[in-house]
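Me: I have a chain open and would like to go through it. Can you take my questions one at a time?

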Amino acid sequence: MSYSRVARNDDIASSECRPGCGACCIAPSISSPIPGMPNGKPAGVRCLQLDERNLCRLFNDPRRPQVCLRFDFDIDLCGGHRDEALHRIAALEMAT
Ligand code: SF4
Ligand code: SF4
């Protein structure tokens, strides 16, 4: 079976946001309205605006929730790869 590194570029440790990760658009709850999700979204639910490449469809769109604009890469939360980010953000949700 072939294995493409290109499809797994989010598992490389970095010090900045990994395009194609999308963990912060899945793991946390968002209480503000999102286009297509007027009541926001619960924790662990994929945002409807996250496309198939795990990129935000609303990038540079004024309808993008403020909370999304404020969320920035944080090594303590984002970790070194996507699964770590999903786990850490979910743990933070549970703790708050
Ligand atoms: S969880 Fe972190 S690395 Fe992943 S998309 Fe969000 S900010 Fe970027
Ligand atoms: S609106 Fe965009 S940035 Fe905000 S949670 Fe959805 S996909 Fe992520």
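**The cavity and the rest**

Reply: Lining the largest cavity are Cys 24, Cys 25, Ile 30, Ile 34, Cys 47, Gln 49, Leu 50, Cys 56, Leu 58, Arg 64, Pro 65 and Cys 68. A cavity here is a set of points, on a 1 Å grid over the protein atoms alone, where a 1.4 Å probe fits but cannot get out, and lining residues have an atom within 4 Å of a point. This is a predicted model, where local features need pLDDT of at least 70, side-chain atom pairs count only at pLDDT 80 or more, and totals for chains, interfaces and linings use all residues. Residues are numbered from 1 along each chain as its sequence is written, chains are lettered from A and ligands numbered from 1 in the order in which they are written, and side-chain values use heavy atoms, with hydrogens and water left out.

Me: What volume does the largest cavity have?

Reply: About 100 Å³, where a volume is the space filled by probe spheres set on the points, with grid points joined across faces, edges and corners. The structure holds one cavity of 30 Å³ or more.

Me: And the largest pocket, what is its volume?

Reply: The largest pocket comes to about 740 Å³. Its lining has 32 residues, and Cys 24, Cys 25, Arg 64, Cys 68 and Phe 71 are the closest to its centre. H1, H2 and H3 are the elements that give two or more residues to that lining. A pocket is an open set of points with protein on both sides within 12 Å along at least five of seven lines.

Me: How many helices and strands are there?

Reply: Three helices and zero strands, in the order α-α-α from the N terminus. These are DSSP runs numbered from the N terminus: helices are H or I with at least four residues, strands E with at least two.

Me: What share of the residues is buried?

Reply: Of the 96 residues in the protein, 31% are buried. Buried means under 20% relative accessible area, exposed over 50%, and partly exposed in between, with a 1.4 Å probe and protein chains only.

Me: On to H3. Which of its residues are buried, and which are exposed?

Reply: Arg 82, Ala 85 and Ile 89 are buried in H3. They cover an arc of only 55° around the axis, which puts them on the same side of H3; the arc is that of the directions from the helix axis to the C-beta atoms. Asp 83, His 87, Met 94 and Ala 95 are exposed on the other side of H3. Helix H2 (75-78) is included in what covers the buried residues of H3.

Me: What span should H3 have?

Reply: The 14 residues of H3 (residues 82-95) should span 20 Å at 1.5 Å a residue, and the end C-alpha atoms are 20 Å apart, which agrees. The expected span is 1.5 Å times one less than the number of residues.

Me: What does the side chain of Asn 54 have a polar atom 3.4 Å from?

Reply: The backbone oxygen of Gly 20. A polar contact is a pair of N or O atoms within 3.5 Å; within protein, one must be able to donate a hydrogen and the other to accept it, and residues adjacent in sequence count only if both atoms are side-chain atoms.

Me: What about phi of Asn 54?

Reply: Phi of Asn 54 is near 60°, a positive value in a residue other than glycine. Most residues other than glycine have a negative phi. Asn 60 also has a positive phi, about 65°, and Asn 60 counts as exposed at 73% relative accessibility.

Me: And Arg 57, which residues does that touch?

Reply: Leaving out residues up to four places away in sequence, Arg 57 touches Leu 48, Gln 49, Leu 50, Asp 51 and Glu 52. A polar atom of the Arg 57 side chain lies 3.4 Å from the backbone oxygen of Leu 50. Arg 57 counts as partly exposed at 45% relative accessibility.

Notes: Contact = heavy atoms within 4.5 Å.
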